[in-house]
Amino acid sequence: MKNVSTIGLDLAKNVFQVHGAEDDGTPVFNRKLRRSEVMKFFRERPACLVGMEACGSSHYWAREIAKFGHDVRLIPPTYVKAFVKRGKTDAADAEAISEAVTRKTMRFVPIKTADQQAAAMVLKARALLVRQRTQAINALRAHLAELGIIAAGGVAKVEALIAIIRDDEDARLPGPARFALSMLAEQIEALTSQIDELERAIVTEVKRDEDARRLTSIPGVGPIIAATVKALVPDPGGFKSARHFAAWLGLTPRAHSSGGKERLGKISKMGNPEMRSLLVAGATSVLRIARSDAKASPWLKALLARRPFKVAAVALANKMARIIWALLNKGGSTSNPKCP
């Protein structure tokens, strides 16, 4: 076999595709591998550059293949798409990955450790349980509203509705409805208990981590946001500046500029949607306090005076993201709790 310097690996569940190329890009092979053959294939190859699209299983394969001395790099799938010549096949994808990984200007995804993936799983499990609880609460509220029974908004107010369901003397609920809604009430309580257990574990882990503790000194950043940043951003130093980090999160306007004319649209919503939504939620809580706090930051007061509330929340979330990058890369903590 000729000297192969670059290999593009298209990941799959059972059938993988590998494309090998020489230093000058000349194709050497493009073949399929069964899952059981992948490790043996890379074990027998001399050390070379291996590219893969970043996905759920890519971090595992990157760690395992790197043990054989290969230089493994993960590429965002969006950046690989531009190198696919025509059509969508596994062979074309593997060839595109092999070409994209050699580009000097290509941006790569840091490879996560098993512990970092485990921390992300805790956060993802909590997010799933929160969504399921929200669905159950909405269903409970909707069914009771059909019978004229309503309660104020918020998760805490659901307890009043559950009390009505369990009150056998309340004649507003027919027997079949009480039977069915009791199951929803039990599900809501079980989900709440599981969410609380996960949150306690997250808070405990944040207290142990020095970087996470410093992040919680930022107004609007709590244990959930700090843990999410630590789990989903393993290498903040990979971003050239705080502005690059905020842009990666999708908190900057999408540019449509040409011919020297700058046109900025809505925020790009790139990056991780969960982290972006958490930052906006944290910024919203800070702004709600700032509206009625005479000692709030003058910058926040001026921002609320000239911009709509939601626009101001996104602007503050952008600033929080840049502060997070600065604290992780330069150390220190925020000294003034009133000024984000």
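User: Is C55 buried, partly exposed or exposed?

Analyst: The structure is a predicted model. Buried means under 20% relative accessible area and exposed means over 50%. The relative accessible area of C55 is 36%, so C55 is partly exposed.

User: How many disulfides does a search of the whole structure find?

Analyst: A disulfide needs two cysteine sulfur atoms within 2.5 Å. The cysteine sulfur closest to that of C48 belongs to C55 and lies 19 Å away, which is too far for a bond. C55 is in no disulfide either. For the whole structure, the number of disulfides found is 0.

User: How far apart are the end C-alpha atoms of helix α5, and what span should its 33 residues have?

Analyst: Helix α5 covers residues 114-146. At 1.5 Å a residue, its 33 residues should span 48 Å. The distance between its end C-alpha atoms agrees with this, at 48 Å.

User: Which helices do the buried residues of α5 pack against?

Analyst: Among the buried residues of α5 are Q117, A120, L123 and R126. In an α-helix, residues three or four places apart point the same way, because there are 3.6 residues a turn. The partners of the buried residues of α5 are α2, α6, α7, α9 and α11.

User: Which helix supplies the largest share of the lining of the largest pocket?

Analyst: The largest pocket has a volume of about 1,300 Å³. Of its 32 lining residues, P76, V109, P110, F239 and W248 are the closest to the centre. Helices α3, α5, α10 and α11 each give at least two residues to this lining. The largest share, 4 residues, comes from α5.

How values were computed. Residues are numbered from 1 along each chain as its sequence is written. This is a predicted model: local features need pLDDT of at least 70, side-chain atom pairs count only at pLDDT 80 or more; totals for chains, interfaces and linings use all residues. Side-chain values use heavy atoms; hydrogens and water are left out. The expected span of a helix is 1.5 Å times one less than its number of residues. Buried means under 20% relative accessible area, exposed over 50%, partly exposed in between (1.4 Å probe, protein chains only). Contact means heavy atoms within 4.5 Å. On a 1 Å grid over the protein atoms alone, a cavity is a set of points where a 1.4 Å probe fits but cannot get out, and a pocket is an open set with protein on both sides within 12 Å along at least five of seven lines; lining residues have an atom within 4 Å of a point. Grid points are joined across faces, edges and corners, and a volume is the space filled by probe spheres set on the points.
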